[in-house]
Amino acid sequence: MFSGNQKISSRQLYRNYAAAFVSLGVLLPPLIMNQEHAGSLAAALLFTGCVLVGTTVVPRPSGQAARWLCYAQYWTIGTMLVRLTGMLIQTFLLTDTKLWIIMGWFCLFCYYNLYKGLECRFRVSEVLFPFFLCLLCLLTVLMYGEAEGQRLLKIRLTFEKETWILGYELFCWFSAVHGIWHLRGQTRGKRSFSGTVLAVWLTGAVAVAGFGLFSYCIYGDRGHTGLVYPIAAAMTLAHFPGNVIGRLDAMFIFAWIIGLFLLCSSLFAPLMDGEPDVKSKWLLFGLVALAFGAANMPRCVEWGQMFLYRVLTPLELLILLWHGIKRIGRKRTATAVCLCLALLLNGCSSQELEQQSLVTAIGIDGGENGSFHLTFGFGTADEDGEEPFETDSLSLQGAKTAYWEYFQKNMDFNHLKNFYFSSEILHQEAFAGLLKEIQINGAYSRGTLVHVTEGTAGEQAVKEEQPEEGTPVHRVLNAWYNGEMCEIPLITADGKYKGQVPWP
């Protein structure tokens with residue numbers, strides 16, 4: 001590949017851009033998927049398919065200005081994805097590491113991958129693609145029992161104005177795979193390139209539709225509210241039969257980061273357009289460094305989206321249309337004109353083990369002045385074990401901070417098995433804020449079991465033996481956001497498991 005004849009393997013091209021499309025399919029569709037927005041996914045895939053068809057018949061841009069306008073679009077998407085990847089790693093893996101440190105290492109790895117040239121980058125995707133795809137499929141299958149298929153019957157396929165606007169915005173993100181256009185003519189034969197583009201689109205369509213519908217079956221109409229990474233949060237429910245392995249979401253995040261790494265490399269790579277020389281490497285270093293600086297701005301994604309929706313994507317479509325008219329004549333102009341329809345839709349640090357305490361249960365009772373009395377059990381009742389920690393706080397994060405101030409140790413929730421809510425707090429106004437905190441914080445597995453206690457919840461949290469059955473907090477959160485009812489196991493005042501409590 002990119003040897004003396006400057007040709008690229010179609011297989012490598014497919015694996016690289018299919019991984020990019022799948023990565024976006026995991027990230028974006030679950031954010032908008034509800035009862036009304038299934039049409040938005042269909043519209044986005046339709047727009048993307050039309051543009052990809054255009055790339056198979058329209059020669060890639062030859063003018064320097066046109067090429068750099070497209071490169072600016074890919075750089076913008078790549079910069080936003082650098083920040084989103086950093087947030088993903090910080091939320092689910094390195095919760096105590098500063099965001100700029102995570103993004104710094106990520107950008108360095110991207111640059112090193114690109115510094116070695118397009119050949120090395122495509123070889124990386126060729127090796128990692130089967131692992132990436134198989135692991136995503138495996139973890140999805142392991143979430144058996146949590147997806148409720150009957151929810152699909154409630155989906156309404158409508159195509160109103162909002163549907164088309166959301167579809168256009170989703171399409172703008174999917175334009176990340178349009179970089180394949182700049183490699184047209186470097187595969188062996190036109191049919192080979194056209195077949196590769198079709199295979200990339202089909203793979204992406206399956207991922208977008210699959211993960212969108214899959215997340216809907218898990219969360220319902222509004223269960224994903226407030227989540228930046230709905231699928232990643234849902235993966236905390238994945239487990240092997242018999243619970244032989246605990247939380248598997250770290251494996252999913254690792255596979256997803258591989259996909260995002262390959263995608264970011266692809267977005268920055270067209271700036272080289274071949275084997276890089278010294279000048280290209282310095283230019284690439286400056287642009288990756290600029291992307292790192294922009295990604296450190298909190299409003300990076302917001303500004304990037306506005307620029308992408310209103311300026312860059314319309315310009316790319318115009319470039320594609322112009323080259324289609326100029327290079328392929330009038331016979332195919334009518335086909336290229338269809339691409340203009342989309343323009344009308346433009347809407348405005350890791351820690352040492354001795355510095356961590358493994359929380360196995362949390363009991364929540366009513367406190368003073370509207371706060372909660374929180375009891376953290378560490379699952380060690382022997383003399384050498386860690387004593388339970390109790391404090392009054394308005395939030396779990398506040399209690400975690402207080403624990404650090406007392407003991408200079410960090411609470412680790414990866415082994416958390418049970419929440420115990422006393423019956424008195426279920427109808428308190430502040431309880432909604434507590435549920436929202438559990439919803440948006442990736443530290444809490446959505447498979448953690450919930451129980452309601454007639455007596456003191458803290459007494460149950462400090463017991464060494466914890467129940468293995470209960471209602472997952474995921475179902476409690478879904479019931480809360482969707483306005484439904486769920487039943488939570490009740491622990492009586494004398495410590496017996498007896499009956500269910502309907503909530504809310």
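**Reading the contacts in a predicted model**

Trainee: Glutamate 36 and arginine 156 meet through their side chains, 2.3 Å from N to O. Why is this called a salt bridge?

Mentor: A salt bridge needs a side-chain nitrogen of Lys or Arg within 4 Å of a carboxyl oxygen of Asp or Glu. The pair is an arginine and a glutamate at 2.3 Å, so it qualifies. Keep in mind that this is a predicted model: local features need pLDDT of at least 70, side-chain atom pairs count only at pLDDT 80 or more, and totals for chains, interfaces and linings use all residues. Residues are numbered from 1 along each chain as its sequence is written, and side-chain values use heavy atoms, without hydrogens and water.

Trainee: What makes glutamate 36 and arginine 156 partly exposed?

Mentor: Buried means under 20% relative accessible area, exposed means over 50%, and partly exposed lies in between (1.4 Å probe, protein chains only). Glutamate 36 has 27%, so it is partly exposed.

Trainee: How many salt bridges does the structure hold?

Mentor: Six. One of them joins arginine 299 and glutamate 302 at 2.9 Å, N to O. Arginine 299 is partly exposed at 43%, and glutamate 302 is partly exposed at 44%. Salt bridges with shared partners also tie Glu148, Arg151 and Glu484 into one network.

Trainee: How do you know that arginine 151 and glutamate 484 form a salt bridge?

Mentor: Their N to O distance is 3.8 Å. That is within the limit, so the pair counts. Arginine 151 has 7% relative accessibility and is therefore buried. Glutamate 484, at 31%, is partly exposed.

Trainee: How many aromatic pairs are there?

Mentor: The whole structure has 26. Rings of Phe, Tyr and Trp (its six-membered ring) pair if their centres lie within 6.5 Å; planes under 30 degrees apart count as stacked, over 60 as edge-to-face and the rest as tilted. Take tyrosine 168 and phenylalanine 171: their centres are 6.3 Å apart and their planes lie at 40°, so the pair is tilted. Both are in helix 7, three residues apart, about one turn of the helix.

Trainee: What makes the pair of phenylalanine 431 and tryptophan 503 edge-to-face?

Mentor: The centres are 5.9 Å apart and the planes stand at 90°, so the pair is edge-to-face. The two residues come from distant parts of the chain, 72 residues apart: phenylalanine 431 in helix 15 (residues 431-440), tryptophan 503 in strand 10 (residues 497-503). Phenylalanine 431 is buried at 3%. Tryptophan 503 is buried at 4%.

Trainee: Why is helix 17 called mostly covered?

Mentor: Helix 17 spans residues 473-482, and eight of its 10 residues are buried. Among them are Val473, Leu477 and Tyr481. Glycine 483 follows helix 17, with a positive phi near 70°.

Trainee: How do you know that strand 2 and strand 3 pair?

Mentor: Two strands pair if DSSP finds at least two bridges between them. Strand 2 (residues 361-366) and strand 3 have six bridges and run antiparallel, so they pass. Glycine 363 has threonine 375 as its bridge partner. Five residues lie between the strands of this hairpin, and asparagine 369 in the turn has a positive phi of about 60°.

Trainee: Which residue of strand 4 stands opposite phenylalanine 376?

Mentor: Phenylalanine 389. Strand 3 and strand 4 (residues 389-393) are antiparallel and share five bridges. Phe376 and Phe389 also belong to one aromatic cluster, which includes Phe378 and Tyr403.

Trainee: Which residues touch the most other members of the largest nonpolar core?

Mentor: Leu81, Leu88, Phe174, Phe252 and Trp256, in a core of 111 residues. A nonpolar core is a set of buried Ala, Val, Leu, Ile, Met, Phe, Trp, Tyr and Cys residues joined through side-chain atoms within 4.5 Å. Leucine 88 touches residues including Leu93, Tyr229 and Leu260. Contact here means heavy atoms within 4.5 Å. A second, separate core has 36 residues, among them Phe378, Met411, Ile425 and Ile488.

Notes. Helix = DSSP H or I, 4+ residues; strand = E, 2+ residues; numbered from the N terminus. Lists of a residue's contacts leave out its neighbours within four places in sequence.
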